Amino acid sequence: MSQAATWVASELVATDVRKSLEGVGILRTTLKRPEGVKPPRPLTNAGLTEDQAWGLLEELVDTMRHQGAVTLPDDVDPKDDRFAPRLGPIYLRYNGSDAKRKILSWLPTRGTNRRINYLTRVFSAINSPLGARETLEKCWEFIRAQTSWITDSHHLSVGVVSQVDHRQLRLDSGLSSVWYECSACRRITARSIAGVCPGLGCEGNLESFTPPTQENDENHYRYLYRTLNPAPLSAKEHTAQWTSEEAAEIQNDFVKGVLNVLSCSTTFELGVDVGDLQAVVLRNMPPRTANYVQRADRAGRRAGAAALVLTYAQRRSHDLTKFADPISMIAGTMRVPWVPIENERISRRHAHSVAISAFWRHAKSADGSLWKTSSEFFGDGKNKPSIVNDLEAYLTPVPNEITTALNQILPEPVKNELGVDTQAWVPKLVDLLRCVEAEVQADISEFNKMIDEAAAARRFGAARQLEQTLKTVETRQLIGYLATKNVLPKYGFPVDTVELRTLHAADSTGAKLKLDRDLSLAIYEYAPGNEIVAGGKLWRSRGVYRVPGKDLVKHEYRICVECDRFESAINLPDEQGACECGSTKPRTKLSYIVPEFGFVADRKTESVGSAPPETRWHGSTHVHDLGDEVADTLWPSPNGTEVHIRSGTRATMVAISEGPAKGFYVCESCGWAGPKGRQAPKTHERPTTGDSCGRTSLSLRSLGHEYQTDIAEFTFSSLVFAAEHIDDWLSALYALLEGASEHLEISRDDIDATLSWSKKGLRSLVLFDTVPGGAGAAKMITENFQDVLYKAYLRVKNCDCGEETSCYGCLRSHRNARHHDQLSRRGALHLLELIGISAAGVPVSSQWQSQLEYVAERDLRDLLRLVAQSGVPAPEVGAEVGVRNDIYWPIEALWKDRELAVVTDEVTDRDDWLKRNGYTVLRHPQMTADDLLAALAHTPK
């Protein structure tokens with residue numbers, strides 16, 4: 001009901017009155033007139049009837065309502081996004097407005113206002129000598145004394161303020177009401193006082209108006225309101241953020257019809273059958289055709305069923321590219337899937353799964369032991385013992401069956417790295433399980449403490465809710481929990497997963513959620529102060545989670561402000577002189593912590609508004625070590641510049657999240673954290689309990705994550721880097737990144753880029769896998785460098801934005817937001833052209849190449865080559881058209897299926913014949929490549 005009340009309230013204070021139900025004559029809103037009370041005598045003495053006088057007073061009070069100064073039902077939030085941009089509460093007082101406090105004035109603060117203007121025109125229409133301001137003053141006194149239309153409240157800083165009392169409003173159907181329409185502005189209103197339009201300054205006259213019948217109604221909005229059949233909509237999320245039990249329940253409700261809309265993550269690609277699904281709406285463009293087919297194929301699976309698939313293209317380069325050429329997504333090539341098998345971290349999890357499953361089989365056969373939940377396996381720190389000691393004993397030494405299995409399933413390089421023969425992998429597994437053990441026991445201890453405190457304070461309802469949450473903690477399914485804690489393999493291959501903890505929240509939804517992300521993403525998405533939507537609630541990250549007895553690892557780092565050179569160490573020595581780029585500007589030494597135990601959400605949740613929380617990506621990723629070289633090749637560019645292409649593995653990257661103001665205030669005791677502000681808060685609460693922490697000193701830290709991955713590094717023999725040209729280098733870097741994403745159909749989330757320095761001291765462009773351990777994307781980029789390079793050139797060459805800037809269609813993304821002011825198409829083109837990359841060198845398909853050889857004129861050939869790079873089909877060059885066997889005309893370029901012809905001269909008979917037969921005719925050199933592309937896009941296929 002609260003949502004329905006919000007909808008009704010938003011109609012009553014609509015900012016665009018003309019489009020509202022009231023503004024088109026469907027809803028009539030009036031005020032309840034007091035019984036036995038006569039209107040002010042001066043108004044009736046001036047020539048108004050009693051009904052007109054009351055109507056005049058209502059019109060004046062309605063101006064308050066339309067300004068938003070109206071009370072709302074208790075279950076309606078005046079700050080709800082539905083009231084944007086005029087969020088409340090808004091008040092009014094007799095005299096003196098205060099915009100900062102959202103207080104309006106009945107009388108004009110200076111000059112005139114809508115009420116004075118309206119009264120002036122009414123008195124002029126009835127030839128009354130009454131003064132507008134004096135009458136407005138008397139009307140205020142009368143309304144407050146003789147009606148219940150206005151209610152007062154006390155504002156902390158300014159005293160008594162007023163609002164229209166929503167309980168005094170009467171809503172009636174407008175279809176059976178009397179209406180008036182202004183002859184000038186066409187405003188529709190339910191009252192006519194001397195025929196004066198209530199619109200500000202309008203000189204039109206009100207005339208009787210009857211809404212037309214539905215069949216003859218030409219008002220777009222009124223027609224929609226009268227003809228649309230509202231369908232009840234019940235929506236819920238279906239993502240990996242729910243526990244498996246909750247997700248299954250939601251899916252069953254959808255199949256049964258209890259829910260009719262699911263908001264899903266990509267987990268729905270995995271063959272989930274939900275019955276008669278009628279429509280799929282994709283909120284962004286899938287990375288590949290295979291993903292599109294998987295998602296679109298959810299709908300219309302039953303025989304004879306029709307399906308609707310609607311895809312929204314977001315403001316980013318991949319989406320906009322596919323929007324311009326939808327066929328390449330809908331009916332594109334589906335590449336053979338490939339899976340990298342030499343990722344050390346993923347392989348380590350598989351080794352863990354072999355060992356743990358063998359231990360479980362051993363325990364079951366030995367004494368019937370079986371552990372299904374996390375608390376059964378890890379204990380509670382008091383009555384239930386942990387099984388980790390037993391597992392360690394079983395693996396000391398490692399049974400032969402486990403070593404044999406690992407030698408069979410793991411690639412040779414990974415076996416050596418894990419230490420299969422030396423059993424070096426066992427201590428790391430045990431250490432990891434000890435950390436998980438400490439977390440489980442700390443959670444149980446903390447909740448037991450809170451239950452005892454709530455019971456002691458006689459808050460039995462809170463104690464019962466905490467007991468239910470504790471039950472959730474103790475009965476978490478063991479295998480899924482071990483996967484979440486980076487012990488066992490998990491779908492999607494995240495390798496350093498951390499959690500945003502919600503179990504402690506006052507809202508019971510928190511116990512049903514499992515919010516986890518790879519640490520390289522979590523330091524941005526779960527950064528303190530950031531918000532996410534899950535389970536229909538808005539959650540705010542309130543700090544980093546701390547495990548009792550374990551401290552977070554700290555590193556020091558500094559970044560050159562001129563060239564972005566990155567340095568990091570546990571203890572970084574003080575800077576010595578200028579940076580290697582020559583800059584003498586100070587390089588401030590900062591520190592970051594690794595939030596390896598995850599994050600903690602605020603105990604309080606908020607309702608989700610109509611606008612999603614803003615995605616903020618404050619930080620960057622840097623190369624700390626270039627790792628091992630796999631291959632080093634030389635690519636000669638068209639102008640002779642040597643491009644060194646280095647494929648590397650185990651490169652060490654450091655992702656840094658600095659927040660909006662270079663750091664976060666962090667409590668080293670309880671983990672509370674918040675974005676850096678003008679000054680650190682003097683007090684704060686423990687995130688998990690809400691109790692006062694008591695510690696007043698806070699540390700300024702960034703968040704960081706160090707990981708190894710695969711990289712592709714490019715250096716240029718003849719290009720010398722200068723700090724003043726860093727904008728060009730950054731622009732070329734992101735052009736190369738977008739070119740790789742588009743050409744190789746690699747999701748932009750799976751690769752990223754940064755500037756670095758080669759081992760020889762040359763400035764380098766580095767593209768890297770965002771998956772720790774590598775996923776093979778960087779290697780693919782080096783193997784297809786020429787095609788990627790030319791695709792990068794075409795992206796910045798053909799974009800519609802100005803060359804001096806950039807947009808989300810060419811270079812920008814939310815991840816490189818800190819560089820947006822530096823990125824430009826001109827900068828990218830300049831650096832690419834320095835190594836000889838131009839339109840003339842861009843390769844085209846074999847079909848195009850075979851036709852271009854027959855184009856005689858060089859200018860036309862170059863223009864067609866540019867068009868070919870956009871992926872449109874090749875024309876037939878030199879095709880002959882004509883009237884039967886009598887006359888034939890050769891055409892320079894002809895697309896028969898598109899009914900489009902390109903010619904280079906004027907032949908009236910030929911052109912007339914083409915037009916009679918449905919062809920569009922373009923003439924070179926008058927046309928441009930854009931003209932031809934536009935014609936190809938709008939002609940039949």
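## Cavities and a helix crossing

Sorted by class, the lining of the largest cavity has seven nonpolar, seven polar and four charged residues. Keep in mind that this is a predicted model. Those residues make up a lining of 18, and nearest the centre of the cavity you'll find Ser620, Thr621, Tyr734, Ala753 and Arg818. Three elements, β23 (619-625), α20 (726-744) and β29 (751-757), each put in at least two lining residues. In total, the count comes to five cavities of 30 Å³ or more.

The second largest cavity is lined by 14 residues, with Glu22, His66, Ile188, Thr189 and Ala190 closest to its centre. At least two lining residues each come from β1 (27-31), α3 and β8 (188-189), and α3 gives the most, with three. The split by class here is five nonpolar, three polar and six charged.

Here are the two volumes:

| Cavity | Volume |
|---|---|
| Largest cavity | about 190 Å³ |
| Second largest cavity | about 140 Å³ |

Now for that helix pair. How do α3 and α5 pack? Helix α3 (residues 50-66) meets helix α5 (residues 132-146) at an angle of about 95°, and their axes are 11 Å apart. The two are therefore roughly perpendicular to each other. On the α3 side, the contact involves Trp54, Leu57, Leu60 and Val61, while α5 brings Leu136, Cys139, Phe142 and Ile143. By class, that contact has eight nonpolar residues, with no polar and no charged ones.

Methods: Residues numbered from 1 in each chain as written. Predicted model: local features only at pLDDT ≥ 70, side-chain atom pairs only at ≥ 80, totals over all residues. Heavy atoms only, no water. Axes fitted to C-alpha atoms, helices over the stretch in contact; angles between N-to-C directions. Helix = DSSP H or I, 4+ residues; strand = E, 2+ residues; numbered from the N terminus. Parallel < 35°, antiparallel > 145°, perpendicular 65-115°, else oblique. Contact = heavy atoms within 4.5 Å. Nonpolar A, V, L, I, M, F, W, Y, C, P; charged D, E, K, R; others polar. 1 Å grid on protein atoms, 1.4 Å probe; cavity = no way out; pocket = protein on both sides within 12 Å on 5 of 7 lines; lining within 4 Å. Points joined across faces, edges and corners; volume = space filled by probe spheres on them.
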